[in-house]
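Let's take a friendly walk through this chain, from its overall layout down to a few residues. Have a look at the model first, and then read on.

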Amino acid sequence: MRTELHVPSDLRFLTIVESWLLGCLEMELGDHIEWPRQSNRLRLVLAEAYSNVVRHAHRDQPNLPVLVRLELKERDIALEVWDHGKGYDLSTYMAPVPEQMPDGGYGWLIMNRLMDRVEYSLQIDGRNCLKLEASMSEQKA
């Protein structure tokens, strides 16, 4: 299965994006995996990815669309989030130190912990792509 969603850069659309993603996956995988656990993981990852685009890449530009693309092969998912921002230089990323109680910087850490593979590509045809991959291979109990 392959599908995509174009959505405005507005956090009010987050629940729509989540419903779309989880609805597509539940339709395809719901009987084969431990759905509540997997859906919570994917909801958190998607919320981080989408809100980063809205708050940082498209800051003050709600007219710029966000493209979310989903591909499912067997039980492996690939989720892509495309934006039109200037991009983020990952070489400058420093993981937050919880003892210092920083306000931000947890998104990249969360996505890498919850997904099997995370890639970020700058400026492909004028857009940036965050690609998140995971295997949903665990069996339902």
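Two residues are in contact when they have heavy atoms within 4.5 Å. Of the contacts in the chain with a separation of 6 or more, 66% come from residues 24 or more positions apart. Keep in mind that this is a predicted model, where local features need pLDDT of at least 70, side-chain atom pairs count only at pLDDT 80 or more, and totals for chains, interfaces and linings use all residues. Residues are numbered from 1 along each chain as its sequence is written, and side-chain values use heavy atoms, with hydrogens and water left out.

Now for the fold elements. Helices (H or I, at least four residues) and strands (E, at least two) are DSSP runs, numbered from the N terminus. The chain holds three helices and five strands, and read from the N terminus their order is β-α-α-β-β-α-β-β.

How does the surface look? Of the 141 residues in the chain, 40% are buried, meaning under 20% relative accessible area (1.4 Å probe, protein chains only).

Let's zoom in on Asp-10, in the loop between β1 (2–8) and α1 (14–29). Asp-10 counts as buried because its relative accessibility is 17%. Beyond its neighbours within four places in sequence, Asp-10 touches Tyr-50 and Val-54.

Finally, turn to Trp-82: Arg-127 lies over its face, at 4.5 Å from the ring centre. Such a charge has NZ of Lys or CZ of Arg within 6 Å of the ring centre and within 35 degrees of the ring normal.

Key. Buried means under 20% relative accessible area, exposed over 50%, partly exposed in between (1.4 Å probe, protein chains only).
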